[in-house]
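Q: I would like to learn how to read a protein model piece by piece. Could we sit down with one and go through it together?

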Amino acid sequence: MANVQSIPGPAQAEYRAQEADHPTSQVAIFGSDQPLPLDCGIDLAPFQIAYQTYGKLNTAKSNAILVCHALTGDQHVANLHPLTGKPGWWVTLVGPGKPLDTEKYFIICSNVIGGCMGSTGPASINPATGKVWGLDFPVITIPDMVRAQAMLIDRLEIDTLFSVVGGSMGGMQVLQWCAAYPKRVFSALPIACSTRHSAQNIAFHELGRQAVMADPDWRDGRYVEQGTHPHRGLGVARMAAHITYLSDAALHRKFGRRMQDRELPTFSFDADFQVESYLRHQGSSFVERFDANSYLYLTRAMDYFDVAADHDGVLAAAFRDTHTRFCVVSFTSDWLFPTSESRATVHALNAGGARVSFAEIETDRGHDAFLLDVPEFFDIARAFLESAGKTRGVADAGQ
């Protein structure tokens with residue numbers, strides 16, 4: 001398997017472009033007769049959805065779990081990533097014997113519409129022009145992503161999902177699934193998320209977008225056509241965002257004020273501190289696997305998200321009389337999506353008559369805790385799914 005970071009610079013863009021249109025995963029193609037209606041008023045057609053599956057669908061089709069990825073994730077949940085060669089982003093949770101047990105459940109994860117790993121987005125070729133979509137791609141929303149996922153689930157001939165699971169932007173998709181398709185979701189596990197983006201989070205996203213657009217190599221979004229890539233701007237955007245995924249305690253524990261490969265300061269603007277070197281590495285590695293325009297589109301989709309907006313501002317109305325079982329999870333040190341927002345979701349679910357449990361997990365690992373080795377989270381996820389499985393009578397694959 002190739003590692004895009006080991007490929008000479010000029011070939012990296014070509015390799016990323018190949019994944020954008022011809023991904024290393026399964027693909028569902030929807031023709032002009034099956035358009036995706038977008039919230040902006042445009043019907044997107046044709047389009048495609050790239051996805052991965054793990055495990056087997058049982059004969060009753062009752063064990064399917066849809067995993068929704070976060071902002072910079074993709075469909076490669078539990079397999080080696082085709083661009084980086086690294087393990088999947090949720091191998092802590094998905095796999096044989098793990099909470100999302102691939103020997104028991106049929107796991108599905110698709111790259112969201114607007115992404116850059118095979119689902120149609122700004123990095124894809126516009127069939128009308130033969131050129132990369134760029135900023136000609138219509139602005140998309142979280143409901144658009146979920147609508148596309150529902151079309152994929154229809155294509156797989158699955159009527160009801162046993163569970164929908166996701167954290168951060170993935171958690172937003174979980175909540176949207178439950179509001180838009182309540183009869184198709186038996187259980188839901190929204191993690192470290194909220195029903196709408198806060199002003200602070202919108203501000204952080206705008207900082208990232210402006211960093212990308214200020215890079216001279218962005219070229220008004222036409223960088224692919226002009227043979228450039230806004231590495232510096234996208235790298236800075238990733239660095240700023242990554243800080244919000246951590247906590248002060250985690251940064252102090254991991255780095256403190258320790259120097260990077262030196263004992264004394266250089267009295268320059270090199271990366272003197274370990275934390276500086278860490279952030280620069282996060283930025284440089286990210287730009288090799290992610291499309292800058294996709295970053296703009298997906299952050300904007302999160303900003304627009306507001307479940308209550310379609311229900312006259314009454315959040316409880318979005319979940320009224322739902323039969324979906326919920327387990328809402330938050331983390332004490334997550335200041336990007338603090339526990340107060342999860343509690344507001346729980347209150348709305350209770351007011352709507354939903355069956356809901358709630359867990360606040362104590363950890364200093366910040367927002368990224370849902371991606372890390374947090375045993376209490378694993379135990380809660382496993383117990384919730386096992387309980388829901390007993391109620392629904394979920395049989396293992398093949399039974």
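This is a predicted model: local features need pLDDT of at least 70, side-chain atom pairs count only at pLDDT 80 or more; totals for chains, interfaces and linings use all residues.

Q: Which strands are joined to strand 5 by bridges?
A: Look for the bridges on each partner, and then for the direction of the pair. Strand 5 is joined by four bridges to strand 8, residues 106-110, and the two run parallel. Four bridges also join strand 5 to strand 11, again in parallel.

Q: Now to the annotation. Where does UniProt place the feature "active site"?
A: An annotation is a label from a record, so read the label first and then look at the atoms. The unreviewed UniProt entry puts "active site" at Ser168, Asp334 and His367. These residues are spread over 200 residues of sequence, yet they cluster in space, with a largest C-alpha distance of 10.7 Å. Of the annotated residues, Ser168 and His367 are included in the lining of the largest pocket.

Q: Is Asp334 buried or exposed?
A: Compare its relative accessibility with the cut-off for buried, which is under 20%. Asp334 has 2% relative accessibility, so Asp334 counts as buried. In the fold, Asp334 belongs to the loop between strand 13 (325-331) and helix 10 (339-351).

Q: Which residues does Asp334 touch?
A: When you list contacts, set aside the sequence neighbours, here those up to four places away. What remains for Asp334 is Ala192, Gly366 and His367.

Q: Where is the place of His367, and with which residues is His367 in contact?
A: Take the element first and the neighbours second. His367 sits in the loop between strand 14 (355-361) and helix 11 (375-392). His367 counts as buried because its relative accessibility is 2%. Leaving aside neighbours within four places in sequence, the contacts of His367 include the annotated Ser168 and Asp334. Ala192, Thr244, Tyr245, Leu336 and Phe337 are also in contact with His367.

Q: Let us move to charges. How many salt bridges does the structure hold?
A: Begin with the count, then ask what each pair links. There are 14 salt bridges in the structure. In one of them, the side chains of Lys61 and Glu157 meet at 3.7 Å, N to O. This pair links distant parts of the chain, 96 residues apart: Lys61 is in the loop between strand 4 (47-54) and strand 5 (64-68), and Glu157 in the loop between helix 2 (142-155) and strand 11 (161-167). Lys61 is partly exposed at 30% relative accessible area, whereas Glu157 is exposed at 55%.

Q: Which parts does the salt bridge of Arg184 with Asp154 tie together?
A: Check the distance, then the elements. The closest N and O atoms of Arg184 and Asp154 are 2.9 Å apart. Arg184 is in the loop between helix 3 (169-180) and strand 12 (185-191) and Asp154 is in helix 2, so the pair ties together parts 30 residues apart in sequence. Arg184 counts as buried at 16% relative accessibility, while Asp154 is partly exposed at 45% relative accessible area.

Q: What else lies around Arg184?
A: Look past the charged partner. A polar atom of the Arg184 side chain lies 2.9 Å from the backbone oxygen of Asp159. Not counting residues up to four places away in sequence, Arg184 touches residues including Ala150, Ile153, Ile158, Leu161 and Trp177.

Q: Which residues do salt bridges that share partners join into one network?
A: Some pairs stand as a simple couple to read, such as Arg222 and Glu225, whose side chains meet at 3.3 Å, N to O. Shared partners, in turn, join Glu206, Arg209, Arg300 and Asp303 into one network of salt bridges.

Technical notes. Residues are numbered from 1 along each chain as its sequence is written. Side-chain values use heavy atoms; hydrogens and water are left out. On a 1 Å grid over the protein atoms alone, a cavity is a set of points where a 1.4 Å probe fits but cannot get out, and a pocket is an open set with protein on both sides within 12 Å along at least five of seven lines; lining residues have an atom within 4 Å of a point. Buried means under 20% relative accessible area, exposed over 50%, partly exposed in between (1.4 Å probe, protein chains only). Contact means heavy atoms within 4.5 Å. A salt bridge is a side-chain nitrogen of Lys or Arg within 4 Å of a carboxyl oxygen of Asp or Glu. A polar contact is a pair of N or O atoms within 3.5 Å; within protein, one must be able to donate a hydrogen and the other to accept it, and residues adjacent in sequence count only if both atoms are side-chain atoms. Two strands pair if DSSP finds at least two bridges between them.
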